[in-house]
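Colleague: I have just opened this file, and I would like to go through it slowly with you. Please start with the term I will need for reading the strands.

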Amino acid sequence: MNWYSEKQKNVISELGTDAVRGLSPEVAGERLGRFGPNRLNEKPPLTFFQRLIAQMKDVMIGILLAAAAVSLGLSIYHAVNGQEADWIEPIVIVLIILINAILGVLQESKAEAALEALKQMSAPMARVIRSGTVTSVPSSQLVPGDLISLEAGDFVPADCRLTESASLKSDESALTGESVPAEKNAGTAVKEDAPLGDRVNMVYSGCAISYGRGTAVVVETGMHTEMGRIAAMLENAGTENTPLQRKLAQLGKYLGFLALGICAVIFAVGLLERLPLLEMFMTAVSLAVAAIPEGLPAIVTIVLAIGVQRMVAKNAIIRRLPAVETLGSASVICSDKTGTLTQNRMTLVKAYAGGEIESLDGGLSGKIYDLIKLVTLCTDGSVELIDGKEKHIGDPTETAIVACALKNGLAKAELFNEFPRVGEIPFDSDRKLMTTVNRIDGQLYAIVKGAPDILMERCTVGDIPAALQANEAMGRDALRVLAVGFKLLEQVPVLFLPQELESGLTFAGLVGMIDPPRPEVVASIRECDDAGIRTVMITGDHVVTASAIAKELGILQEESEAVTGTQLAAMSDEQLAANIRHFRVYARVTPSDKIRIVRAWQDAGEVVAMTGDGVNDAPALKAADIGCAMGITGTDVAKGAADMTLTDDNFSTIVTAVREGRGIYDNIRKAVHFLLSCNFGEIVTVFIAMLLWRESPLLPIQLLWVNLVTDSLPALALGMEPVEFDVMKRRPRAKNESIFAHGVGVMAVLQGIMIGALTLFAYYIGTRTALANAGLPLGETMALAVLSISQLVHAFNIRSRHSLFKIGIFSNKYMVGAFIAAILLMLFVLCVPFMQLIFEVIPMNASEWIMVIGLSLLPLVIMEAIKGISYLFRWR
């Protein structure tokens, strides 16, 4: 049943209750057993161990675990057979996996808080009428059919149909996105297709009563409330893998197949050559170690964690590490209006008096000044300055008036002292007027403010036709307009009656207000346009208001680009998908509409960022590729559902975050490029040596050391590269774009061949020429030295497509530090006797070191030459 569209008596009858006495305690108890407690379902939180296991569900981690298991098996085999066992390799691999997993768990330890926050928003106690007696019960014990009493300051404990109301207003901003409290009326008939924000005879769980009083009958509880439906959406929304996670998983599969393929070829060669089976197996393991960049998962995690710390300094808190990179690939930002694009504070922007509409962003003319003074006297709201910041107390439309007066030197407290109030008639939703009687300069004035169409009908003095035109003009600008009138009185009335005080008025003027856009957002949206990112407004507000704000921000160009929730509901998913690129503004939408919009963009191949602050935004925040919640005005529910929270509630921070995200992805790709070129160099070295000479120049432990030290430290330093200046001039990456796109894969292979060739040359010199006095051990030593040092030199090539000397050798201090640290560690292995024993290397003389250094510097010379030629071609 649509409780809002049925007649009140039908609702009461359907629920089997009494509109005056409510349910009896016995019936309420029976229904509690049938319907269950009025609370939201809760998921048990994941334990630390469960979250740790979840971090292991990665292809690359699986391959590393397999490598560790094989290595451990071989070590046990050797130990059982009295041979020297290598325990270092499996221990190191397992340590890498654990460090990577723990880093991820620590960052994500603030588990999903959305449902918990929704539960906290429920009112703990409710005033319920049972058998005609008002009693206070825990809100969890409410059942459909209960009659409850509501007044200003109460939280609504369940979804209810109003049975009585008096000047009732409910703050539904968290549910609908509207910044102004919704006026409620028990007697209003509502159409069946009315959106949530227009159901004026209903109040909803989790919202607050901001004005007036009322009585209501509970129609839905627990998970059947609107808040419960949102909770169900959050509960059912799976966590999507980010683009980076998908690409790394794909990379892991490629590397796994590559490792298996190489092992198969080596086995085949060994069988053909009739080499010992165990020796071939060990060689295959060393190749598998060479193929897999063991440090990559940890490096990606650390680079992302560093990015998270950078983002904190720029007012963005990231809950999930991969979300940093996802921001960089965002191609659509679906933004809530209220509190995100706008200031979430009603502000007087225009006024009409004396035949002219004036903007209120500068000084006031005499007539407008008098109008503001007059209407301020007819308000109950107040504005306080606390530590230089305004604190608005009361109805937003009234505080907007008071704030405007304060800005123009009219402090309300001083006005009330000078022109005291002697009586009033409070605002009533039926009359849509409020009246106060004030003593001004010895005269009694009845000051009336309210809906223009109502008030102007009661005016006998003033140019009403001109005022009506002004009202229409301000309405076209999506302003909320109030009319002001006054009446001179002979004496203080005995009774303050509307029919006497609110008739025969003199028209004073109009004031127009709106929740204005944030001033910095226009430039941010323009920057998004330059970066190829489309900004879409999704709001629960009226289409006229939303369109006006969207035009001012540069989001909306044509009226046809705006669509309402009712129009959206009439579209099939196929129709929405076909038109998704046409619409820029979605107004009067429900939480489920927001998810449909996000899904439609995702189905169109876009990476979607969703911003918002209300409970109504939470399901879409969770469904989006990246959810961005507002930290100041945002509800706990929105923050719990989002991947990122903006601590300054500034849309522009999203643009900064996108810039950082793009830079972080660039850096991760540089690290992957570097690691793959190095690992491919290792594969080339071992594979070609096995084919040519039936021997491996590098031992598994040497390869592992190179991967973990001389590869990982520079890769980490590449993750610290500054963001490039033109990063926001590029188009967003396609969702399915490979991490090897734009020539990265080809360059990694070619550079790997270059490093492998240099290493093989060093091995050949060390073992086959006159320099090779020590034979095979010297060849292995020279191969290890050239491989490791040439990779360290090559790291500087990866920093930029521009020449190293153009960007500056020392412009990344972390790279310089990583280079020095890795060189010292390699010298530790190559020169310290007990480390030489562990790694099976021997000392080299001066001529051998000169040969090693010369070969190691060649990658820099070759790549600088290639960059120079490439620059000449681009210049021409």
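Modeller: Two strands are said to pair if DSSP finds at least two bridges between them. Please also keep in mind that what you see is a predicted model.

Colleague: How many residues of S23 are buried?

Modeller: Five of the five residues of strand S23 (residues 608–612) are buried. Both faces are covered, with Val608, Met610 and Gly612 on one side and Ala609 and Thr611 on the other.

Colleague: What about the rest of the sheet, in what order do the strands come?

Modeller: The sheet is an open one of eight strands, and the order is S8-S25-S24-S23-S9-S20-S22-S21, with mixed pairing. Strands of a sheet pair through backbone hydrogen bonds, and they can do so either parallel or antiparallel.

Colleague: Which strands stand at the edges?

Modeller: Strand S8 (316–318) and strand S21 (562–564) do, and because each has a single partner strand, one side of each is left without a neighbour in the sheet. If you compare neighbouring strands of this sheet, they are turned by 20° against each other on average, with direction ignored.

Colleague: Let's follow S9 the other way then. Over how many bridges do S9 and S20 pair?

Modeller: S9 and S20 pair over five bridges, in the parallel sense, and within that pairing the bridge partner of Ile333 is Thr535 in S20. Four of the five residues of S20 are buried, which leaves that strand mostly covered.

Colleague: And in which sense do S20 and S22 pair?

Modeller: Strand S20 (residues 534–538) and strand S22 (residues 585–587) pair in the parallel sense, over two bridges. Met537 has Val585 in S22 as its bridge partner, while Ile538 stands opposite Tyr586 in S22.

Colleague: Changing topic: how many aromatic pairs are there in the whole structure?

Modeller: A search of the whole structure gives eight. In one of them, the rings of Tyr445 and Phe486 have centres 5.8 Å apart and planes at 50°, so the pair is tilted. Tyr445 is in strand S16 (residues 443–450) and Phe486 is in strand S18 (residues 480–489), so to speak a link between distant parts of the chain, 41 residues apart.

Colleague: What kind of pair do Trp705 and Phe839 form?

Modeller: Trp705 and Phe839 form an edge-to-face pair, at 5.3 Å centre to centre and with 65° between the planes. Trp705 lies in helix H28 (residues 700–718) and Phe839 in helix H33 (residues 833–839), so the pair ties together parts that are 134 residues apart in sequence.

Colleague: Why is Phe839 counted as buried?

Modeller: Phe839 has a relative accessible area of 5%, and the word buried is used for values under 20%.

Colleague: Where do charges lie over rings, for instance over Tyr665?

Modeller: Arg733 lies over the face of Tyr665, at 3.4 Å from the ring centre, and Lys169 lies over the face of Tyr211, at 5.6 Å from the ring centre.

Colleague: One more residue: what does Trp849 touch?

Modeller: Trp849, which has its place in helix H34 (residues 846–875), touches Ile789, Leu827, Leu830, Cys831 and Met844, leaving aside residues up to four places away in sequence.

Colleague: Finally, where is confidence lowest in the chain?

Modeller: Confidence is lowest in helix H6 (residues 114–121), at a mean of 44, and highest in strand S19 (residues 505–514), at 96. The pLDDT is below 50 over residues 110–123, although this stretch has 34 contacts in the model beyond near neighbours in sequence. The protein chain as a whole averages a pLDDT of 85, and 89% of the residues score at least 70.

Notes. Residues are numbered from 1 along each chain as its sequence is written. This is a predicted model: local features need pLDDT of at least 70, side-chain atom pairs count only at pLDDT 80 or more; totals for chains, interfaces and linings use all residues. Side-chain values use heavy atoms; hydrogens and water are left out. Rings of Phe, Tyr and Trp (its six-membered ring) pair if their centres lie within 6.5 Å; planes under 30 degrees apart count as stacked, over 60 as edge-to-face and the rest as tilted. Buried means under 20% relative accessible area, exposed over 50%, partly exposed in between (1.4 Å probe, protein chains only). A charge sits over a ring if NZ of Lys or CZ of Arg is within 6 Å of the ring centre and within 35 degrees of the ring normal. pLDDT is the predictor's confidence in each residue, from 0 to 100. Contact means heavy atoms within 4.5 Å. Axes are lines fitted to C-alpha atoms, for helices over the stretch in contact, and angles run from 0 to 180 degrees between N-to-C directions.
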